[in-house]
Amino acid sequence: MDAPGGVVIDRVEKVNCVACHQTLDVSNLPSFSEFNCPHCNASQRVPAQFWTFVLLERLGVGGMGEVYRAYDQKLGRFVALKVMKHMGRDEDFQQFCREAQATAQLNHPNVVQIYNFDQDHRLQPYIVMELVSEGRLDEKIAGGKQ
């Protein structure tokens, strides 16, 4: 399935309710849409799947890809996952690689940590980053908080 930003993600057919843990069929709902559990009425969002990551919500879309709040099933932790769009140009892929490598070299409290850089089974590049909960940087800058 293609997401609106050009990233290829897979639909999730079933989820367990976050409150009552009943198995729910979400195959007819779009990824990231909100719904209420028919058993307990708990509000939740339909996830998507990318490689070994459960995508919980889209955090942003940029020129080269999309960033998601995701759950890393291998390491058992929440991360920010940046996935490169299918662009077909080697220069774009090289720029994406340089971004991952340059950011991984930095170690500063105001810079997110890079955990991994790889490609999925479709050769779609991605960067796994530290997930910070303090909000969006562009909104902080606009509000005068840095």
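## Strands E7 and E8

Glu57 stands opposite Arg69 in E8. The model that shows this is predicted. The facing residues belong to an antiparallel pairing of E7 with strand E8 (residues 65-72), which runs over 7 bridges. E7 and E8 form a hairpin, with 3 residues between them.

## Strands E6 and E7

Strand E7 (residues 53-61) also pairs with strand E6 (residues 48-50), in the antiparallel sense and over 3 bridges. Here Ala48 stands opposite Leu55 in E7. These strands form a hairpin too, with 2 residues between them. Trp51 lies in that turn and has a positive phi of about 55°.

## Aromatic pairs

The whole structure holds 5 aromatic pairs. One of them joins Phe53 and Tyr126 edge-to-face, at 5.5 Å centre to centre and 70° between the planes. This pair links distant parts of the chain: Phe53 is in strand E7, Tyr126 is in strand E11 (residues 125-129), and they are 73 residues apart. Both Phe53 and Tyr126 are buried.

Phe96 and Phe117 form a tilted pair, because their planes meet at 45°, with ring centres 6.2 Å apart. Phe96 sits in helix H1 (residues 90-104) and Phe117 in strand E10 (residues 114-119), 21 residues apart. Phe96 is buried, at a relative accessible area of 0%. Phe117 is partly exposed, at 26%.

## Cluster and charge

Phe53 and Tyr126 belong to one aromatic cluster with Phe50. Elsewhere, a charge meets a ring: the charged end of Arg77 sits over Tyr115, 3.8 Å from the ring centre.

Definitions and conventions:
Residues are numbered from 1 along each chain as its sequence is written. This is a predicted model: local features need pLDDT of at least 70, side-chain atom pairs count only at pLDDT 80 or more; totals for chains, interfaces and linings use all residues. Side-chain values use heavy atoms; hydrogens and water are left out. Two strands pair if DSSP finds at least two bridges between them. Helices (H or I, at least four residues) and strands (E, at least two) are DSSP runs, numbered from the N terminus. Rings of Phe, Tyr and Trp (its six-membered ring) pair if their centres lie within 6.5 Å; planes under 30 degrees apart count as stacked, over 60 as edge-to-face and the rest as tilted. Buried means under 20% relative accessible area, exposed over 50%, partly exposed in between (1.4 Å probe, protein chains only). A charge sits over a ring if NZ of Lys or CZ of Arg is within 6 Å of the ring centre and within 35 degrees of the ring normal.
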